[in-house]
Amino acid sequence: MKYHQLIFHRLPLKLSWKFLLIFSICILVTGGIVWACADGDYDDGSYSNFSPEAFVDHQYSPFFYTSSTSYYGDADDDSNTRFNGLVLSEWDDYLNHKIDQKSLKALLFNTTLTGLDSVSDYRNGKLGSLSPGLTDLKQIKLDKRRLDNFLSYLILAKKCESFTVNEVRYSWDEKVPAHLPDVLLGAELFKALDKSKDPYIKERLWFQAIRYQYFKERSAGSENNSEEIPSLFKKYGSAFPKNMTYYRTLGYLAGHYFNQKDYSEANYLYSLCYNFSSTMKIPSKWSFHPQNEDDWNKSLSLAKTKEEKATLWQMLGLAGDEARAIEEIYAIDPQSEKLELLLSRLINMTEISSYSGTSNLVSIVSDSASKAEKTILTNNATLVGRIARNNNTAKPCFWNLAAGYLNYLNGNDGAAESFYTKAKIQLPKNDKLIIAQYKILDWTLYLSRLKTINAKAESEMVEPITWLANLRDGKDTIPNLRYNRAVTQSISLLGALYKKQGELLKSNCFDSKTEFYTHNENIESLKALLSKREKTPFEVAMLRYYHLTIEDLYYHQALMLVYQEKIDQAILLMSKSGKNAQAQLLGNPFSIHINDCHDCDFEAVQKKKYTPLSFLNEIKILKTEIAAGKNTYVNTFLLADAYYNITHYGNARTFYQSEITGQDATSPLDIPEVFRPTFTSAKLAEKYYLRARLYAKTKEQKARCTFMAAKCERNDIYNAAYNDKANQHKYYWDFDFKDIPSGKYFAELKNSYQKTQYYQEILKECGYFNTYIKKN
């Protein structure tokens, strides 16, 4: 066996001096406080169909499998506050609930050593006043000795923070050396331990004393072979109950053995702490580090019961050897609840490794899967299947579902169906999560076996695809159910099957593809379906997966007509596109400059704001006036500006950007390839700039038209490079502009318009033209 070494995540989180370590933390690790990450922003559930919460005890939830974080979900790993709730409750019981919770909490976790001294002095009549907000301890009706014991212990515990609590600083901060345990404080601590007659206080002093010895031992280095900690533990340990304080103390004993490199003893003791309570599990698991097979076998030999052996194997399994741990625990006790966590991890690890995008959603058995992956999956399916068939675990339903799912991932649909059939009989009647889990797995198996979709299949699919859509949209809520992968699989597989059958409309409803919208007849068929009054149940369910509205389709049709100069038809369709037609364009689409500066246009004061519909209406007016011979130069130039600005290089990109054509494109390469020529081509603008030049009456006007034609020419040179397959992954800053030809219009400017004022403005503002002139 190859052991997977656990990694200690020491994240740079700051600790606060105000927390009393004796109450709030049990340092079970040997190298300082361990912090682990629980990143709620990343969710493996998107790639999973199997919900561990359905079958595994909640105490194990931090150890559900995640691919990128230390703990699952919202696991609490704040070592400063881990035990605060329990500590508060224990002291509240000890003090017979005589101190109000707010004051008690302040005394335990917030009050400084100076503050505690003041409280003690006030109680003993040496101080005239008490800090605001604290209960007057003189007034509470409690046994004086018990209250004195509490305050004396609290002051002593606070003194211990000098060596137990050090602020963990960021890596770039100046390092602050740890305080060494004070010899005088140690003497005071051991004296109090020997003299104490109160069992409750004595146990906590024992914890403090062993912790003191632990830090003293650590400060002495690995050469220190002191046996003071084991002796002290043995001397008093049998006198105390096996409660949280006992196991927190045991954690320091384990740390002692780890420091002495007695890993077998240390790991065994950590397993006892881990098994005691859910609160102890995270620090114990992080501290558990088998080094090799020899020390692992020694740890196993120390186990006194089957439960202890099963715990050791479970902790080893969490280090990444789930299959072996399952095998061993099953041999010890088939009914062990420790199997369930490992089984859930085995499944989630397998399905995450099997996910490689929509092309491989069903099975890991594919060309992209390595031989090792296939072998592991086969072995895991065999192991879990054998245990499931024995039908002697605590949760047979879980094992049958797991065996079915692993076989499904392995491409053995027949075996998967057999296990699911057994699981269906075993489903608990009132457990909504487990029933839903079965339904998810049964549905994805159905999908994987579906080869042709006919009317019968569509009828069968209405309920499951509606249910999944309800989950996705929040109309049905089943806490902890993982369904996103099932939704993705449904979209991908149904879309692919319909496409294979030649039913492009239905294919696009499930899995919308850009190419579909390049054919107007496709869009018309989709509009007809969306506007159909009497839809079939399947059509209703199917359209839950389609994300666009009929107004979006009208907008797209209008958009494409604009670039064909079919303005009247475009306006008619645009007027039916609802809110799409009323979205405000960021800049004035009839404004143009020597240099394209979109932000400048966006920030400029605009006397008139344009929407797509008003923009088209303005174009119609310009065309009408041009046809009537009215202001032909100005109107034609404005029309050219409009067509320039609705290219990728203009200030009205948002005019063509949609969910169909691509949103927020920062490069032509971000525009879908089928639409890229339409939205990047400046040919239409160039045509009107040249026509405006024909109408121009002055050299200045002609120079302006010629330069704008040069910009269109320049953009088309860029486009040719973008559309060259060899340059498909280049952005504009990657091009070598020295190799791009200047085109004919720069030459015309140089030869015909040097004496114009506009020519001088071009030289000042256009660096490329300036370079061209210097070279020529």
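Is Y247 buried or exposed, and what is its relative accessibility? At 14% relative accessibility, Y247 counts as buried, where buried stands for under 20% relative accessible area, exposed for over 50% and partly exposed for what lies in between, with a 1.4 Å probe and protein chains only.

The model is predicted, and local features need pLDDT of at least 70, side-chain atom pairs count only at pLDDT 80 or more, and totals for chains, interfaces and linings use all residues. Residues are numbered from 1 along each chain as its sequence is written, and side-chain values use heavy atoms, with hydrogens and water left out.

**Aromatic pairs**

Rings of Phe, Tyr and Trp (its six-membered ring) pair if their centres lie within 6.5 Å, and planes under 30 degrees apart count as stacked, over 60 as edge-to-face and the rest as tilted. By this rule the count comes to 48 aromatic pairs. One of them joins Y214 and F215 edge-to-face, at 5.5 Å centre to centre and with 85 degrees between the planes; Y214 and F215 are both buried. The rings of Y247 and F276 have their centres 4.3 Å apart and their planes at 20 degrees, so this pair is stacked. Because Y247 lies in helix 9 and F276 in helix 10, the pair ties together parts that are 29 residues apart in sequence; helices here are DSSP runs (H or I, at least four residues), numbered from the N terminus. F276, at 31% relative accessibility, counts as partly exposed. Ring pairs also link F50, F55, F398, W399, Y405 and Y408 into a cluster.

**Charged side chains**

The structure holds 30 salt bridges, a salt bridge being a side-chain nitrogen of Lys or Arg within 4 Å of a carboxyl oxygen of Asp or Glu. Among them are the following.

| Pair | Closest N to O distance |
|---|---|
| R544 and D473 | 3.1 Å |
| E503 and K506 | 3.6 Å |

The bridge of R544 with D473 links distant parts of the chain, 71 residues apart, with R544 in the loop between helix 24 (537-542) and helix 25 (550-562) and D473 in the loop between helix 20 (455-472) and helix 21 (484-500). K527 and E524, by contrast, both lie in helix 23 (residues 520-531), three residues apart, about one turn of the helix; K527 is buried, with a relative accessible area of 8%, whereas E524 is partly exposed at 35%. E90, E203 and R204 are linked in a network of salt bridges, and R204 also lies over the face of Y200, at 3.6 Å from the ring centre, a charge being counted over a ring if NZ of Lys or CZ of Arg is within 6 Å of the ring centre and within 35 degrees of the ring normal.

Helix 16 has 20 residues and reaches 29 Å from its first C-alpha to its last, close to the 28 Å expected at 1.5 Å a residue, the expected span being 1.5 Å times one less than the number of residues. Its buried residues include L377, N380 and L383. Most residues other than glycine have a negative phi. Just after helix 16, however, N391 takes a positive phi of about 55 degrees, and K261, in the loop between helix 9 (244-259) and helix 10 (263-276), has a positive phi of about 65 degrees.

Definitions and conventions. Helix = DSSP H or I, 4+ residues; strand = E, 2+ residues; numbered from the N terminus.
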